[in-house]
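Reader: I am new to this structure. Can you show me how to read it, one feature at a time?

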Amino acid sequence: MSAYNVNTALGNVLRKYREGRGLPQNEFAELCGISRAYYGRIERGEHSLTVEKCQRISAALNIRLADLFSELPE
């Protein structure tokens, strides 16, 4: 059994929301004010996000910040 990785889980949630809006990574990263390369690493779970970056992402998705975390496994 592999250990739960919150960064990977959050990256999967972000990918689902982004793809649900039909946005490629580069366009979505631009909406968030971050580089496409950095955003790609976020989706792959290679970076821990700051609260500020989470807020930027939730604003770009037009969802509440809490919604990003409500879909994470317990």
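Predicted model: local features only at pLDDT ≥ 70, side-chain atom pairs only at ≥ 80, totals over all residues.

Reader: Is Arg18 buried or exposed?

Author: Compare the relative accessible area with a cut-off: under 20% is buried. Arg18 has 7%, so Arg18 is buried.

Reader: Which residues is Arg18 in contact with, leaving aside neighbours within four places in sequence?

Author: Leu23, Pro24, Gln25 and Phe28 are on the list. Tyr39, Glu43 and Leu61 complete it.

Reader: How do I read a pair of packed helices?

Author: Two packed helices are described by the angle between their axes and by the distance between those axes. Take helix 2 (residues 25–32) and helix 3 (residues 36–43). Their angle is about 105°, and their axes are 9 Å apart. Angles of 65 to 115 degrees count as roughly perpendicular, so helix 2 and helix 3 are roughly perpendicular to each other.

Reader: Which residues make the contact?

Author: Helix 2 brings Gln25, Asn26, Phe28 and Ala29. Helix 3 brings Arg36, Tyr39, Gly40 and Glu43. Three residues of this contact are nonpolar, three are polar and two are charged.

Reader: Are Cys32 and Cys54 buried or exposed?

Author: Cys32 is buried, at 4% relative accessibility. Cys54 is buried too, at 4%.

Key: Residues numbered from 1 in each chain as written. Heavy atoms only, no water. Buried < 20%, exposed > 50% of the residue type's maximum accessible area, 1.4 Å probe, protein only. Contact = heavy atoms within 4.5 Å. Axes fitted to C-alpha atoms, helices over the stretch in contact; angles between N-to-C directions. Helix = DSSP H or I, 4+ residues; strand = E, 2+ residues; numbered from the N terminus. Parallel < 35°, antiparallel > 145°, perpendicular 65-115°, else oblique. Nonpolar A, V, L, I, M, F, W, Y, C, P; charged D, E, K, R; others polar.
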